[in-house]
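Please walk through the following model, from its helices and cores to its charged side chains.

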Amino acid sequence: MQLPVINNAASEAKSGGCSSGSCGSTDDQMGHLPDHIRDKVKNHPCYSEEAHHYFARMHVAVAPACNIQCNYCNRKYDCSNESRPGVVSEVLKPEQAVKKVLAVAATIPQMTVLGIAGPGDALANPARTFETFRKLSEQAPDIKLCVSTNGLALPENVEEMSRYNIDHVTITINCVDPDVGAQIYPWIFWNNKRIKGREAAEILIAQQQKGLEMLVAKGILVKVNSVLIPGVNDKHLEEVSKIVKAKGAFLHNVMPLISEAEHGTYYGLTGQRGPTNEELQALQDACAGDMNMMRHCRQCRADAVGLLGEDRGAEFTIDKIEEMDIDYVEAMKMRAEVHAAINEEMESKRLAKESKVQLVSIQGVQKNEVTRPVLMAVATKGGGVINEHFGHASEFLIYEASGAGVRFIGHRRTIPYCEGGDTCGDGESALDKTIRELAGCEAVLCSKVGYEPWGPLEAAGIQPNGEHAMEVIEDAVMAVYEEMRAAGKLEVKVVEQQKVA
Ligand code: CLF
Ligand code: SF4
């Protein structure tokens with residue numbers, strides 16, 4: 001069948017798949033997962049890097065209260081454990097939330113997951129959270145349920161979660177050492193008392209670890225989020241990664257601290273900086289030796305709707321939903337067809353990728369070459385293909401090409417060049433900001449790139465490229481890498497017996 005909206009692009013794309021090597025550790029390892037786990041993650045845009053090109057998630061903001069204080073959070077805004085600070089979501093009642101989910105599911109059939117991630121802590125509001133899940137599991141059993149929590153109230157809620165078929169839980173674990181924790185959490189609310197300092201961190205850590213073990217014992221997939229705070233837990237997160245992996249966490253998502261002073265958080269007001277792109281990548285790479293790393297998180301808002309990185313929430317305000325006439329039984333049929341079509345497309349790309357890896361592996365033995373890695377930025381609207389105009393992109397995906405193949409590194413946000421006007425923020429133009437965000441990249445691949453930004457991009461050492469429109473991202477990145485190699489832009493040395501893949 002014809003895939004709707006975001007996937008038309010993918011359907012038109014050249015068939016093929018990844019040129020070689022890896023497309024991100026998560027999906028590399030996906031192929032080796034047992035079937036029952038693979039089934040749980042293959043349609044979840046956060047748990048599978050590949051799925052995030054096709055499937056959407058939504059959050060409903062039903063959980064306003066929180067039971068701890070994090071130094072990177074201002075209570076006026078959403079929970080920063082999974083949200084960008086400085087974003088406010090409208091709080092919904094459970095029945096409003098269910099109505100909204102049904103409306104989104106009927107309109108965006110690619111939406112497979114409903115998460116509760118704030119605006120406070122999901123489990124500090126158990127009645128509202130579980131009422132939403134209960135109603136939804138009755139009315140829309142095809143939607144996966146997902147929870148994000150700071151973990152303090154987790155152990156007492158694990159039993160209840162397993163009742164609603166919640167298969168995915170995120171715990172934000174920033175430390176396993178209370179001395180580090182005391183620098184992140186000024187207090188917790190525990191047994192009707194406010195507890196401060198090291199003691200508070202000790203209790204929180206114990207609850208998080210206990211909750212993690214209980215979830216794993218129930219067969220629930222656990223993702224651990226950690227906020228990277230330079231000078232506070234940057235040296236400590238490798239240990240966190242090892243410990244949570246040893247306890248059975250499925251995925252680790254190291255996210256950058258965002259600490260702009262205007263958000264009014266403790267860290268923002270005291271000048272605590274966030275990590276650079278390079279620091280974030282280095283830590284993710286260091287942790288990757290121990291477990292699957294998530295690199296495609298967009299730190300969504302507590303009422304986010306759509307593909308990761310896009311926000312269609314404005315289409316589903318309460319007044320708009322009230323006017324919608326939804327036949328969910330009919331919608332479920334359409335959703336099943338769309339999901340089957342996407343899964344078929346993903347499977348054919350996976351098979352194509354596997355056969356290419358084998359081919360490159362054979363060629364690699366003959367070539368025996370090692371070339372330096374190159375970062376490239378890609379503009380995409382989804383579907384795993386290059387289908388976004390340079391000037392319309394509000395974010396770029398970053399890929400690393402090397403002799404070992406292509407791997408996904410992360411994303412960088414910007415202001416669309418065509419919408420940025422002359423300047424944005426502190427007098428910096430949208431183009432200047434994009435060039436600054438793409439530092440370290442040697443090419444930017446888009447469906448089209450205009451004449452005006454071409455020169456400044458080239459001058460900054462970023463080669464604009466609009467020649468691979470509608471191609472599968474990994475194929476295009478590898479093709480550009482090969483062109484660079486053929487043009488002598490990569491230092492090549494011959495290595496005896498070196499395998500490429
Ligand atoms: Fe939401 Fe979180 Fe579930 Fe995803 S988000 S509750 S696991 S459905 Fe995903 Fe958004 Fe990152 Fe969260 S990109 S912030 S990791
Ligand atoms: Fe804020 Fe979330 Fe931390 Fe609560 S858990 S203080 S809402 S960041």
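How many residues does helix H8 have, and how far does H8 reach from its first C-alpha to its last? Helix H8 (residues 197–217) has 21 residues and reaches 31 Å, close to the 30 Å expected at 1.5 Å a residue; the expected span is 1.5 Å times one less than the number of residues. Helices (H or I, at least four residues) and strands (E, at least two) are DSSP runs, numbered from the N terminus. This is a predicted model, in which local features need pLDDT of at least 70 and side-chain atom pairs count only at pLDDT 80 or more, while totals for chains, interfaces and linings use all residues. Residues are numbered from 1 along each chain as its sequence is written, chains are lettered from A and ligands numbered from 1 in the order in which they are written, and side-chain values use heavy atoms, with hydrogens and water left out.

The buried residues of H8 include Ala200, Ile203, Leu204, Gln207, Gln208, Gly211 and Leu215. Here buried means under 20% relative accessible area, exposed over 50% and partly exposed in between (1.4 Å probe, protein chains only). After H8 comes glycine 219, with a positive phi near 80 degrees.

Helix H4 (residues 94–107) has 14 residues and spans 20 Å, close to the expected 20 Å. Among its buried residues are Val98, Lys100, Val101 and Leu102. The largest nonpolar core has 59 residues, and Val60, Met111, Leu114, Phe133, Met161, Ile166 and Leu215 have the most contacts inside it. H4 gives the most to this core, with seven residues. Such a core is a set of buried Ala, Val, Leu, Ile, Met, Phe, Trp, Tyr and Cys residues joined through side-chain atoms within 4.5 Å. Apart from this core lies another, of 34 residues, including Cys175, Tyr185, Ile188 and Met294.

Arginine 57 is found in strand E1 (residues 56–59). Arginine 57 is buried yet has no salt bridge, and the nearest side chain of opposite charge, aspartate 311, is 6.4 Å away. A salt bridge is a side-chain nitrogen of Lys or Arg within 4 Å of a carboxyl oxygen of Asp or Glu; for charge, Lys and Arg count as positive and Asp and Glu as negative, with His and the chain ends not counted. A polar atom of the arginine 57 side chain lies 2.7 Å from the backbone oxygen of glycine 306.

Some backbone details follow. The peptide bond from glycine 118 to proline 119 is cis, with omega near 15 degrees, and proline 119 sits in the loop between strand E3 (111–116) and helix H5 (126–139). Asparagine 191 has a positive phi of about 50 degrees although it is not a glycine, and asparagine 191 is exposed, with a relative accessible area of 60%. Glutamine 299 has a positive phi near 45 degrees, but glutamine 299 is buried at 7%.

The structure holds 27 salt bridges. Arginine 372 forms one with glutamate 442, the closest N and O atoms being 2.8 Å apart. This pair links distant parts of the chain, 70 residues apart, with arginine 372 in the loop between strands E12 (369–371) and E13 (374–378) and glutamate 442 in strand E16 (residues 441–445). Lysine 433 and glutamate 437 meet in another salt bridge (3.7 Å, N to O); both lie in helix H14 (residues 430–437), four residues apart, about one turn of the helix. An α-helix has 3.6 residues a turn, so residues three or four places apart point the same way. Finally, Asp285, Arg295, Glu400 and Arg407 are linked in a network of salt bridges.

Notes:
A polar contact is a pair of N or O atoms within 3.5 Å; within protein, one must be able to donate a hydrogen and the other to accept it, and residues adjacent in sequence count only if both atoms are side-chain atoms.
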